[in-house]
Each structure stands twice: as C-alpha cells, then as structure tokens.
Amino acid sequence: MDEPGSDFRRELEARGVSRREFMGFCSAMAVMFGLPKGATAMIADALENKPKPTLVWLNFQDCAGNTESFLRASKPTAAEVILDLISIDYHEVIMAAAGHQAEANLHSVVENQKGAYIAVVEGSIPTGANGAYCTVGGKSAMQLANEVCGNALATVAVGTCASFGGIPAASPNPTGALGVSDAVPGIKTLINLSACPVNAQNLTATLVYFLTYGRFPALDKLNRPLFAYGKSIHDNCERRAHYDSGQYVEQWGDEAHRDGQCLYKMGCKGPVSFQNCPNVGWNDNTSWPIACGHGCIGCAEPDFWDKMTPFYSHLPGFPGFGKGSDIDKVGFWATIGVTTAFATHTLVHLGKKLVGTGADHAPEGPPERTDEGGAE
Amino acid sequence: MTHIVVDPVTRIEGHLRIEAEINEGQVSDAWSSSTMFRGIEIILQGRDPRDAWAFTQRICGVCTTVHAIASIRAVEDAIGAKPPPNARILRNLIIASQCIQDHVIHFYHLHALDWVDIVSALSADPKETAALAQSISDWPKSSATYFKSIQDRVKGLVDRGQLGPFANAYWGHSAYKLPPAANLMAVAHYLEALEWQREFIKMHAILGGKNPHLQSFLVGGMATPVDPDKQASLNIHTIAQFKKLIAGAQEFVSKVYIPDLLAVASFYKDWAGYGAGVGNYMVYGEYPLDDEAKPDLYIKPGIIRARDISKVEEFDPSKITEQITHSWYDYAGGEEAALHPSEGETKPNYTGPQPPYERLDTSKKYSWLKSPRYEGVPMEVGPLSRMLVNYVRGHEQVQGLVNHVLKTLGVGPEALFSTLGRVAARGIETQLLVDKIGDWVDELADNMGKGELRIHDNSKWEPESWPADCMGAGFHEAPRGSLGHWVHVKNAKIERYQCVVPSTWNAGPRDSGDVPGPYEAALVGTPVADPEQPLEILRTIHSFDPCMACGVHVVEPGGREITRVKAR
C-alpha cells in the first residue's frame, strides 16, 4: 500500500519537482509566516495529505487585474495551485466551460459543498439600478454574492474593490458600489486582501496558511492578514535612510531621483500605507513601485482614490519635517491631516456628495494605522 | 429556430452575454451585450489630470498599461508637454511587451480550449506527440517522457474527479478536429505558456515596479530614472536583463507559439470561411520611432473598407462618433444622435429586465456598450486590422510574415477575413514585435552611453504652466485594437474625460440604422452543431479577444446629477 502523500509526491516528480525543491518551498512559506523551524514539516504534511479543498472565484465590478496577478504567482505558481493544491471549480477568466455549463459548476459547489468551500471575490458589488450595473447569467452581483459567499466556509476579497469598494466606489460612486463586507454583512469569515491589484504572493500565502493550519491568519481591524499588512511601507522602505537624512527627489529625473533618494516630496504615500511591498516585492520579487522610481499611491488603503489623491501632492507638513522626523509623528499628523492637506480636491468632492445626497456627510477620517490592537 | 443564451461568456476579461438565433445548424442572428458598468469617467471629473492615468489604467487589468498610455498622451496633448526620447523608448518597451505577453496568454489560456480537447489528450501516445513536436520545432521540451508526464498530470485530475477549471466543458464535441497527439502537445504548451508569461512580464516589473498596473507613468515622461552609472536607475544591468528576457520571448514565440498556431490552424482551415464580420478595418497606429510632432510609426495607421485590400485610406479621428440607440444611456439630442467623443455625453439609464432575468429584449436597448462608428459605419479593430493595413501599405516585415503563414497553410489573403484570420494575425503580430523590441533596448543603451538621461518634461509639470482651458486626444494601439482618450482640462482640473476603446468598437450593439457591430456580424453564418453546446460561437467571439470592462465607459459633461447611492 502506498504511503500517505505518495500520490502527491509522484505528481511532483512527474513535474520534475524534486523533494528537495518542495521542502524548500515549504520552508520559504514557514519563514514568510514567521513560524518556528518545525513548521516546515507541518506545511509539507498538510500539502501532501489533505484532500484538495474547493474554491470558486467570482468576478463582479472588476478589471481582472487580481486574476492576472494570481497568474503571476511564483510561490507556488498558479499552475501548482490549480493542478495540485486547490480545486478551482469556477473562475470565469480561466474556466473551459461557458454559459449554463459554467453556471451549473457554480451551482453544484454551492449545493453540494455548503459551508466547505472558499469563495474568492474580485471587484465591487453595485447597489444602484437594482443590481443591473453588474449581472452574470442574468443574476445581479448582489444576488450571487449573497448566495455564494453566504454559504462558503470563508470569503477572500481580493483587491481593493472587493475589500472596500475601490475605484467604482470613488466619489461620486456612480453605481453605489460596495466592498463585500458592506454588501454582504455578517459573513462569518472574511479576509480582505486589499491592494490594486492584490500581490499574488499575499494571496497564495493566505491559501497555503489555510491549507496548513485549517484556519485563516490573524487579521487587522480591516480584516487584512497581519503577516502582509502589519507594517507601513515607510517602516520597511529601502529609501528610508534618505528620508531620515533629509535627501529628497525634487524633480523627475534629477540627480537625487537617479540616486534612489526619498520620493516623499513627489507625493509618496508610503508613510500612511500598510503593506509588505518592500519585503516581498512584486513579480517574484523583481521590483516594486518605489524601487522603480515612483511614489506609493497607498493602493491597499480604504478609499485611497479619494484620500490619497492628488497623488503628486506630498503628505501634510509636520513638525521637524525634512530632517529625520519621527515616523510616529508622520503617522499622527497624517491621521488628522490628510483630508485637509488635499482640501481643494476633497472639498470639491465633498460638495458633490452633499449636493447629491442632501445628507449630512462629514468628511470621513483618513487611513488609520492598522497594526495597533493586533488580531481580532 | 432555437434561441440560445451564452452568459457568462468565459475565458475573457469582464462580463459578456451573447444571445443568438440558430436556424438549420447555423447562427442566423446574434446580439452582443455587456452586463457591467462602473462609470470611471464620471469619477475622473474635477480631479488632477496628472492622476488620470492611474484611474484609467484600472479600466482593465488584463490589458493593463493601455489606458495609462492613452491617458498620458491625451493630457500631454492638452497641456503641451513633450516627453523626451527616453520616455518614448520606455513606453515602446512597455507597450510591446504587453502586446507580446497578452497575445500568448490569449492563444493558450483564453482561446486554445476552443480548438484543443483536453480529454482527447489522455488517449494520445506520447511517442506520437514527441514525433509531432520534433517535426515542427526544435524546442527542447519534446521527449516522449516529458509528454507522458503531462498526460499523467492531467490524468491525475480526472482520476480524482476534481477537474477544477476544466470541468463540464465541451470535451468530445464533434467540432474538435485535432488528433490526440496534437491535443497532448497543446496541453503541455498551455502549461509551459503559463510559466513563460510569468517570467517574461518581469519586463514590466523592471519598467513599472509591478504588473499588473504598472506605476511608473507620468504626464510628460516616465518615473524610471535612466543612468548607466547609478545603482537605483535603469542601468547597464537592466539592459542585460531586458536582453535575456527578450531572447527567451523570441525563442518561445518562434519555437512554440507560431509552430503550434500553424499546426492547429492546419486542422481548422474551414474556419477561414467563417466569422468575417463587418469587413471594415481601422488602425490608429503605434510605436513612435522619432520625437517629431507627427512621428513615423512602426505600425502604420489606416482604414480598409469592405475587404478591399487594393487601397488604404488615411485615418481621420474627426470621423468617429458614438450612438446609443441600443445602449442603456440617454442622449439630450435623442436616440438617433451620433456624437464625436470630444462633445460626447452619456447618462446611464438602465431599461432592461430586472435581475434575475432569462432574456433581453434585443429590439430595444440591450447593452452597456455604445455603438462607435467611423463615418457612420462599424469598424473592426485589433491585430487583424493592424496586419491587414500594414500588409497593404507595404510594411516589409509584415508582408514577409503574412506571406509565410499564408504559404504554409496553402491559402490566399482572402482567408484572413475570418475567425482563423484573426487568430493568425495575432500570432504574426507577436512575431513581428519579438523581432523588433530589441531595437528599442539598443536605442536606450545608446542614449545612456551618450549621456542622454532625460526622462521627463519638467517644464510642464506644475499646473501653473498649463493653459487655463485646453483639450487633447491620446491614441494607442492596445493588444485588442485602437484606443482613444479625449480630455478637456479647465483650471487644472478634468472637465470632461472620454474613452472609445477596442472592445466597444468590436462588441458594441446595433446602431440607429440597426446595423450590427463586428461580433454580431461575425457570428452570422457560424455553424452550431449542438445548440446545447455552442462551442463554435465561443471560437468566433474569442477570436476577437473580448475585453469587456474596457468596453464600458460613460461620459458625463459638467457635473450632471447621476444615480447617487451612499458613497463609502
């Protein structure tokens, strides 16, 4: 009789993946999660021996950027996820079946695996026009989200649109777009993997975390995994030393820019943005936006299209700005100041909101640090 | 007569619904409907035009970059910014690598399963597959052992009963014609292409920090510094990285993609007789080769009408209009009005059935896409249009590649006006670009060597340097076709913003004269062996490479009131 996991091992061998390479992958995952040494064996055991869980991926008011990001995954690759780790039974962008055959696949999962499958949502959910701003197979996104997310073991919102509404919800939110947490309140387990798009590394790590432990990672107040959103971009930025020394890019292409100095004055939102871009990079750690020469736009934060714009206006001034300022003060001033710093733009849009609704909308608060308070 | 609905059309970007009448085994009429709307142009009003590229780029994450490129060109045109030579070169590198990667993904991951039967691959003899692969290419991964391992891997999915994304498709359909050995080869290359695209697109990570949604665009230039002597700039190390990635792309395209395309096409030559569509082809042109006000373009613009390849007309952007007779919008000038994008208007007004619904009333409004027209007639845009126009205009490299493909398949140029023609043109364009892209790397390296390090026109960065009231247009050839953005900037804010995009041209509904759009026209006459399994409809629709999120846009002049629900 075969040993446990031998099917999986044979598959790996068939693909030319050595045992050594596989264990290297498991070890990399353990390091990413900050786990003790013994965890490598635990991850390997989970991947080899547990039955493949089912995942369905819903696309709503989206651009498929999160799907494309998933296809760029490297640890593990999209092919490894699809063929070896998880059974992706519904995903409109990659699935072979179409029309009613595709709908039947989704229906079958919801009916037969109630409470046992993972739902991934990409894109926001419109509430305007009675749901007609986004329909699939004649059903509205809202109807599908209620049915599919409501019966799932857990829902993973990928990208800022599914997490917080994203660009369709940017002022004046023409379609009444909402993120999953607002559109389908009361989902028992919801993980937000915000960013525009989600970094593939954070998506695959979340899935491997689940496969390993049978539970989901610890989350911040915005339901984002602490392992990926626990620290600010600024805290880990490779250009931080230039910030501390008061060395700033003043013009695109100047000597300081070519030298990789701080992009703060060019509008970088790294100090008020929380994500692990500086640590894990993008596209198999090839680069990330600040390394490439452009400031952070804060794409993992709620309402960043309204609160982080104009993208090229620098964050509000604060005491000691220019020479080694205390980043906690940056955070503090950002907390009270982002909206007023972008007053012209914000007031225009606030004005539109007030005119539009006749309601007593107050300006909403700027992004808050989310690493305080730990897991919920 | 049978009425069928395909919704969702899968293996595309976005949300597309096709309704069709089937009469005596073929499509007699068809309607294309886009079922998603976001209103990004409304969201742009009142914002800083330098931010617009980041917003518009989010129109699509599959053809990421394309709306960013069109946007910065439109704003530059409006405010008079002049990007320096390095910015032009960096943009050409981004545009070409996007097109190459996107076309390969389309062929293998979005289109191949319409021609390739995965289940049939299980019965292949891997030795035969190896012999076939070795006969068409010297690509090294071609041993019987290798193909056996792929077969076992697919068999593993079947044995476990967990087919995942391959479940419940049209396997075994009578329209699949490839022998098992060829099916197995294609499945192996489907998986290899998945690995290859991930590697090649590191071009974008280097040039834009990340892919999808690169973050290095600037109105007036690019944000990636260039300096051969700096560690934090694009430098000689970057040049070496580009060369390696491009060499890998050349090898994959010429040894895997093109041989696969020719091999598959040789079994489906009858598809050179279906899917012609409207027969009018439009190209805006792309890849500026110099820094003049009207630069020479590597892919030339032009118009071909009624499949007449004896002549090409010049493209004139003033002849573009959009209609909304069958679209869920209102025009102040009435249902029959046709407006140029620079004065366009749109008010979304959904009048279709309430969800959940079974059927659309296609005699009325039935899509979130408008109907763009050129001098009142529908135009097809995309790789086929680009290759046809450049073939007729005497583009030496295009003629060489097109003639090679036609000769290999033993067909004449008329075969290009078809579903198969679209598939072939996409491959030809990919080969054209992998052969060309290295020139721009050399040009960048030369500039670095000469000390030409400028990446941005700083003189037009601050809004104080802009005219108080100005308008501009930006044109681009996206992988899926001709893309235009129009912007009106007033007092340093966006007054009006509009996009007319490839999938609107191709997938739009009927116009005021009830003339069908390219998808609708192309489907008529398509054979459908089994209305319950409309595989053939997918073939023709996928040959256009639909990108529906791109297609849906709305223009809203001057802050008019729109549906407003609680903003988060």
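The contact between the two chains takes in 96 residues of chain A and 93 residues of chain B. On the chain A side, helix H19 (residues 343-357) gives the most, with six residues. This is a predicted model. Chain A has 19 helices and nine strands, and is divided into domain 1 (51-229) and domain 2 (233-357).

**Contact between the chains**

- The side of chain A that touches chain B divides into 43 nonpolar, 39 polar and 14 charged residues.

**Chain A as a whole**

- Of the 376 residues in chain A, 56% are buried.
- Among the contacts in chain A with a separation of 6 or more, 72% are between residues 24 or more positions apart.

- In chain A, 16 residues of domain 1 are in contact with 18 residues of domain 2.
- Helix H8 (159-164) and helix H11 (226-229) of chain A each supply at least two residues of the domain 1 side of this contact.
- By class, that side of domain 1 has nine nonpolar, six polar and one charged residues.

**The largest nonpolar core**

- The largest nonpolar core has 289 residues.
- The residues with the most contacts inside this core are Val56(A), Leu58(A), Ala119(A), Val121(A), Ala145(A), Val180(A) and Val187(B).
- The core draws at least three residues from each of domain 1 and domain 2 of chain A.
- Leaving aside neighbours within four places in sequence, Ala145(A) is in contact with Leu58(A), Val121(A), Ile125(A), Val180(A), Ala183(A) and Val184(A).
- In soluble globular proteins, nonpolar side chains tend to be buried together.

**Cys277(A), a buried residue**

- Cys277(A) lies in helix H15 (residues 277-280) of chain A.
- Cys277(A) has 27 other C-beta atoms within 10 Å, so this residue is buried; the cut-off for a buried residue is 20 or more.
- Setting aside neighbours within four places in sequence, Cys277(A) is in contact with Ile233(A), Trp282(A) and Trp288(A).
- Cys277(A) and Asn199(A) are 78 residues apart along the chain, and their C-alpha atoms are separated by 8.2 Å.

**Two loop residues of chain A**

- Asn130(A) is found in the loop between strand E4 (125-126) and strand E5 (135-136) of chain A.
- Asn130(A) counts as exposed because it has 12 C-beta neighbours inside 10 Å, and a residue is exposed if it has 12 or fewer.
- The C-alpha atoms of Asn130(A) and Ala152(A) are separated by 24 Å, with the two residues 22 apart along the chain.
- Ser313(A) has its place in the loop between helix H17 (304-307) and helix H18 (327-341) of chain A.
- With 17 C-beta neighbours inside 10 Å, Ser313(A) counts as partly exposed.
- Ser313(A) and Gly99(A) are 214 residues apart along the chain, and 47 Å separates their C-alpha atoms.

**Helix H13 of chain B**

- Helix H13 of chain B holds 32 residues (residues 419-450), which at 1.5 Å a residue should span 46 Å.
- H13(B) has a kink of about 25°, centred on Val434(B).

Technical notes: Residues numbered from 1 in each chain as written. Chains lettered and ligands numbered in written order. Predicted model: local features only at pLDDT ≥ 70, side-chain atom pairs only at ≥ 80, totals over all residues. Helix = DSSP H or I, 4+ residues; strand = E, 2+ residues; numbered from the N terminus. Expected span 1.5 Å × (residues − 1). Bend = angle between axes of the 7 residues up to and from the residue. Contact = placed C-beta atoms within 7 Å. Nonpolar A, V, L, I, M, F, W, Y, C, P; charged D, E, K, R; others polar. Core = buried A, V, L, I, M, F, W, Y, C linked by C-beta atoms within 7 Å. Domains from an automatic or database assignment.
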